[in-house]
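Me: I would like to go through the labels used for this model and see what each one rests on.

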Amino acid sequence: MFATPLLLVAAQGANTMIIVDNIALVMTFGSAAFAAGGVVAAQYDSTANGAGVIASTTEAAADYFATASTVFKLNAGAVLAPFSTCANKGIYLSNVTQAFTTGTGSSFIVKIKYHVISTIA
C-alpha cells in the first residue's frame with residue numbers, strides 16, 4: 001500500500017465527496033509479524049507513499065507489528081481540505097515512509113462506514 005495504495009471505496013461520481021466516519025482494519029495474525037512500514041491512514045485518491053489528502057486519523061506503523069489478531073480503528077479525519085482536492089475521489093489505504101516487510105500469513109478485513117455529500121449547493 002506504500003507504492004500502490006489499496007482502494008477501499010470507489011469515487012461516487014461528479015460533484016460528490018466521500019466522508020469517512022470510521023474504519024476497522026481487522027487483522028488475523030499469520031506466522032510472522034509485520035516490520036518496517038510507516039504511519040497508516042485512509043486518503044483521497046491513489047497518491048503513492050501516503051501523500052494524498054488524509055481522510056481519516058492515522059495509526060502508528062509499530063502498532064501493526066502485533067503478534068496476535070487484533071483490530072485497528074481509524075476515525076474520521078481531522079484535517080479539513082477544500083472540495084477541489086477531495087471531490088470525485090475514491091478512498092484509499094496507504095502508508096508513509098516505506099512498505100511493510102514480512103507479515104507472512106496475516107490477512108485483513110476492512111470495514112468502513114462512510115457517507116457521501118454533494119459538493120454543490
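Predicted model: local features only at pLDDT ≥ 70, side-chain atom pairs only at ≥ 80, totals over all residues.

Reply: Residues are numbered from 1 along each chain as its sequence is written, and side-chain values use heavy atoms, with hydrogens and water left out.

Me: Why is the pair of Phe34 and Phe100 called edge-to-face?

Reply: Rings of Phe, Tyr and Trp (its six-membered ring) pair if their centres lie within 6.5 Å; planes under 30 degrees apart count as stacked, over 60 as edge-to-face and the rest as tilted. Phe34 and Phe100 have 5.7 Å centre to centre and 70° between the planes, an edge-to-face pair. The count by this rule is 5 aromatic pairs.

Me: What makes the pair of Tyr64 and Phe72 tilted?

Reply: The ring centres of Tyr64 and Phe72 are 4.2 Å apart and the planes are at 35°, so this pair is tilted. Tyr64 and Phe72 are both buried (under 20% relative accessible area; exposed is over 50%, partly exposed in between, with a 1.4 Å probe and protein chains only). Phe34 and Phe100 are buried too.

Me: Which residues do ring pairs link into a cluster?

Reply: The cluster holds Phe34, Tyr64, Phe72, Phe100 and Phe108.

Me: How do you know that strand S2 pairs with S9?

Reply: Strands (E, at least two residues) are DSSP runs, numbered from the N terminus, and two of them pair if DSSP finds at least two bridges between them. S2 (residues 16-28) and S9 (residues 107-118) run antiparallel and are joined by 12 bridges.

Notes:
Helix = DSSP H or I, 4+ residues; strand = E, 2+ residues; numbered from the N terminus.
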